[in-house]
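Open the model in a viewer and keep the selection panel at hand. The stops below say what to select and what is found there.

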2 protein chains.
Amino acid sequence: MRPALEIRKPTMSRSERLLDLVQILRRHRRPVSGRALADEMGVSIRTLYRDIATLQGQGAPIEGEAGLGYVLKPGFMLPPLMFSDEEIEAIVLGSRWVAKQPDKRLAAAATDALAKIAAVLPDDLREDLDATALLVGPRADHLETIDLGVVRQAIREERKLGFVYRDAGGSSSRRMVWPFALAFFDKVRVMAAWCETRQDFRHFRADRMSDLTATDIRYPRRRQAMLREWKATLDAPGRNGAKNASD
Amino acid sequence: MRPALEIRKPTMSRSERLLDLVQILRRHRRPVSGRALADEMGVSIRTLYRDIATLQGQGAPIEGEAGLGYVLKPGFMLPPLMFSDEEIEAIVLGSRWVAKQPDKRLAAAATDALAKIAAVLPDDLREDLDATALLVGPRADHLETIDLGVVRQAIREERKLGFVYRDAGGSSSRRMVWPFALAFFDKVRVMAAWCETRQDFRHFRADRMSDLTATDIRYPRRRQAMLREWKATLDAPGRNGAKNASD
DNA sequence: AACCCACTGTCAGATTTTGGCAGCAGCGAT
DNA sequence: ATCGCTGCTGCCAAAATCTGACAGTGGGTT
């Protein structure tokens, strides 16, 4: 499908190439040598070193180790982007909502993202953002017994997850599941997963899970496919999946 | 404070200058001539025309009219930005939450913002984003009787707002207020404003407002200052502002 | 020790950017 | 209509920048 060495159009501005470079790096999980990157982009290795330096200067988390190659710490590079007033308001309000979630890691990420956006804005716009008069009400304190960050990571990496579940009746059981989605309701957070024991899709309320165990075992299906399939099963029988939030 | 003509450092890359240009345009509300912009950036007018063309090509809403000058339709230009996995997850989740809000205009803006982000992502990342397995539960249908977009615009532009309010007791009265904040709770949206009639800060539940009338009259205070003052009055007496959501 | 690799300095040639000039077209005021 | 101001485009040579090749240093792996 794709030639081993991609020959780039000669008319590619430097800034475009820099974005491409981040992208290529993202595709490789293992360290890649500068030589290989230079070939793939169709530039000399000297230029590649200069590009890497420029990207690092712009804050891209690229690490180079002698004898190994380059690795990009997981992340997304967004090119320059225009947003309307309302679009920025929406993003800020949404991030503020996330920042109040009980999932502390995610909440911190939302705060960081807002800070990054604020940092690059000119002064007058930053003021606007600080003063963006859309507030999120306080949430009922919800002490989550588990670290939802572990669940999100398992979902991202498509790995099996073990835990103890206390169902509506009060009885507990140990489960091993393939998690693929996490839904945020007003009061509870619900993980959707394929349950190995039951051999079916099941929903698990976060406040009834305990003894979370992340594993290294990748489950044999694609998250996206499972998501689709699961949504289909929801549409078929009843109204929607809001109610069957238990196991 | 600032010299009339800012002389730019000779070592400024083109891409930096383009961002600056958007910023300068934002500062001027009235149309600015290309000549003035070129002087302010320290480049020739020919180069300025090229820069404008490039920006327009990248989607910036800049409009030029012969005999007048350039105007930038309100909007924000974000430079290239790196986000971590979790930060992007936070932004996407937050925007999805906003997209489910009863405020239709704001919800649409959230959807648009997500689409813009998705559009510039490479294929594999867009998949990730589509499949980002963080979902927001459905909201209780809340038919807002008024268009919250009008409220948000009045807040943005610091203009007076008229409406009819039906208080907790059931009696209605016409109000003229200086709105400065809008808070999103799980079930209701509450506008915070200075009430001209009562000569005090008051909260108004969106579902009890009707006959909204936007005015052209700017109120005589800064939104940000009112926000600060209002927060101070909240901290002083009771716990917080969550409960006094009525007038 | 041999090899791979990241990284820097230098420098000439390729490429892009820039500024000045000329010219056309739309808009507003006189 | 005429004039002045302005947006916008093509052209070309000068200026600035980017690029590739070579040489060299130092760290890490085999």
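Which element gives the largest share of the surface near DNA strand D? Select α3(B): four residues of that surface come from this helix, the largest share. Note that this is a predicted model.

Stay with DNA strand D and show the 24 residues around it; Val43(A), Ser44(A), Thr47(A), Gly34(B) and Gly64(B) come nearest. Next, colour by element: α3 (45–57) of chain A and, in chain B, α2 (34–41), α3 (45–57), β1 (62–65) and β2 (69–72) each supply at least two residues of this surface. Coloured by class, the surface near DNA strand D shows eight nonpolar, 10 polar and six charged residues.

Move to DNA strand C, which has 23 residues around it. Gly34(A), Gly64(A), Ser44(B), Thr47(B) and Gly67(B) come nearest. Here α3(A) gives the most, with four residues. At least two residues each come from α2 (34–41), α3, β1 (62–65) and β2 (69–72) of chain A, and from α3 of chain B.

Now hide the DNA and select the protein chains. Between them, 63 residues of chain A are in contact with 63 residues of chain B. On the chain A side, helix α4 (residues 85–99) supplies the largest share, 12 residues. That side divides into 40 nonpolar, 11 polar and 12 charged residues.

For the last stop, select strand β3 (residues 76–78) of chain A and strand β4 (residues 81–83) of chain B, which pair in the antiparallel sense over three bridges. Within this pair, Met77(A) stands opposite Met82(B).

Terms used
Residues numbered from 1 in each chain as written. Chains lettered and ligands numbered in written order. Predicted model: local features only at pLDDT ≥ 70, side-chain atom pairs only at ≥ 80, totals over all residues. Contact = placed C-beta atoms within 7 Å. Nonpolar A, V, L, I, M, F, W, Y, C, P; charged D, E, K, R; others polar. Pairing = 2+ DSSP bridges. Near = placed C-beta within 6 Å.
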